[in-house]
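Please look over the sequence and the three-dimensional structure shown below before reading on. The report that follows goes through the fold, the domains and a few individual residues.

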Amino acid sequence: MAPPSGGYVEALTLLRDRPLVVLTGAGLSTDSGIPDYRGPSAPARTPMTYQEFVSGPAAQQRYWARSHLGWGRMGGAEPNDGHRAVARLGADLVITQNVDGLHERAGTPRLVALHGRIAEVVCLGCRETSDRAALQERLAELNPGYAERHAAAPVRPDGDVELEDTAEFVVPDCAGCGGVLKPDVVFFGENVPAERVARCYAAVEALTERDGALLVAGSSLTVMSGLRFVRRAARAGTPVVIVNRGSTRGDELASYRVHAGCSEFLTALAG
Ligand SMILES: [Zn+2]
């Protein structure tokens, strides 16, 4: 079944005054200057996998050394009109695949950060979470002069740094249990925590009886962690609207496919 072509106005009409679950991806944050690594003009990039991160101290040194140098650059991003519109929608639930924290800063109620937040750190031993900004101070204390010595290392717009020799970098352990510290984000090769997924499924399933709709904004639905909610909604007969520049893996399941900018469409919807 091919989706209807166009449908910008029809999609707005379908979504207005209806209970909504909103699923957002990287396309929503590009207007905030955070690059979309799956978008059409994305640079080639291979993020560290979970398996690599837990393989031993060398991988953890490489991760944290780069993160230490790049951390300051991420702080400059601000929520854009799309984030602000989502916060005004009154959605049953907003599910985001983004780890940048911009929905939180826009004041979005009822939010699930599906892949975690880059601003938090988790201990793989005791599962205690802590503040990434506080860890930055510990990294600086343990590695005096490191940032200055590597000031010339190229930094990508998302805060990742091109840096090869990281063998001298000192990585702190968990202050509580001595375990390995990891950014509290879901790496490639790692599963989204089950209770997080269950909360999202419950909100999507509740749309059926409430005559609601699922709105996808700025995600190409490349990974199953987001696509499964679209499949669940479509199977239950809940209408799905996808707003994204470029094709997505959920296109054939959508009632409307809107090829427009997220900020523009969401602002028109939220009023
Ligand atoms: Zn611990």
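This is a predicted model: local features need pLDDT of at least 70, side-chain atom pairs count only at pLDDT 80 or more; totals for chains, interfaces and linings use all residues.

## Terms and type of model

Six strands form an open sheet in the order β3-β2-β1-β7-β8-β9, and their pairing is parallel. The strands at the edges are β3, residues 111-113, and β9, residues 256-258; each has a single partner strand, so one side of each is left without a neighbour in the sheet. From one strand to the next, the twist averages 15°.

As a general point, the strands of a sheet pair through backbone hydrogen bonds, in either a parallel or an antiparallel sense.

Helix α1, which covers residues 8-15, lies across β1 (20-24), β7, β8 and β9, and it runs at about 120° to β9. Helix α9, which covers residues 224-235, lies across β1, β2 (93-96), β7 and β8, and its direction is at about 150° to β7.

## A residue in strand β7

Alanine 217 belongs to strand β7. Is alanine 217 buried or exposed? A residue counts as buried if 20 or more other C-beta atoms lie within 10 Å of its own, and alanine 217 has 27 such atoms within that distance, so it is buried. Leaving out residues up to four places away in sequence, alanine 217 touches Val22, Thr24, Leu28, Val243, Cys262 and Leu266. Alanine 152, by contrast, is 65 residues from alanine 217 in sequence and 37 Å from it in space, C-alpha to C-alpha.

## Two domains

The protein chain is divided into domain 1, made of 1-34 + 79-115 + 191-271, and domain 2, made of 41-76 + 118-185. The centres of domain 1 and domain 2, taken over C-alpha atoms, are separated by 30 Å. Six residues from domain 1 and five residues from domain 2 take part in the contact. On the side of domain 1 that touches domain 2, there are two nonpolar residues, three polar residues and one charged residue.

## Positions annotated in UniProt

An unreviewed UniProt entry places the feature "active site" at His115. Histidine 115 sits in the loop between β3 and β4, the latter covering residues 116-123, and because it has 21 C-beta neighbours inside 10 Å it counts as buried. Apart from its neighbours within four places in sequence, histidine 115 is in contact with Gln97, Val99, Val185, Val186 and Val192.

The feature "binding site" is placed by UniProt, again in an unreviewed entry, at Cys123, Cys126, Cys174 and Cys177. Cysteine 174 lies in the loop between α7 (146-149) and β6 (181-185), and cysteine 177 lies in the loop between α7 and β6. Cysteine 174 is partly exposed, with 18 other C-beta atoms within 10 Å, and cysteine 177 is partly exposed, with 13 other C-beta atoms within 10 Å. Beyond four places in sequence, the contacts of cysteine 174 are Cys123, Gly125, Cys126, Glu128, Gly179 and Leu181, while those of cysteine 177 are Cys123, Gly125 and Cys126.

## Loop residues with a positive phi

Arginine 110 has a positive phi of about 50° although it is not a glycine. This arginine 110 is found in the loop between α5, residues 102-105, and β3, and with 14 C-beta neighbours inside 10 Å it counts as partly exposed.

Aspartate 211, likewise a residue other than glycine, has a positive phi near 55°. Its place is in the loop between α8, residues 194-209, and β7. Aspartate 211 has 10 other C-beta atoms within 10 Å and is therefore exposed.

Key. Residues are numbered from 1 along each chain as its sequence is written. Two strands pair if DSSP finds at least two bridges between them. Helices (H or I, at least four residues) and strands (E, at least two) are DSSP runs, numbered from the N terminus. Axes are lines fitted to C-alpha atoms, for helices over the stretch in contact, and angles run from 0 to 180 degrees between N-to-C directions. Two residues are in contact if their C-beta atoms, placed from the backbone, lie within 7 Å. Domain bounds come from an automatic or database domain assignment. Ala, Val, Leu, Ile, Met, Phe, Trp, Tyr, Cys and Pro count as nonpolar, Asp, Glu, Lys and Arg as charged, and the others, Gly among them, as polar. UniProt positions are given in the numbering used here, feature names are shortened, and annotations may be inferred rather than shown by experiment. A residue is buried if 20 or more other C-beta atoms lie within 10 Å of its own, exposed if 12 or fewer, and partly exposed in between; C-beta atoms are placed from the backbone.
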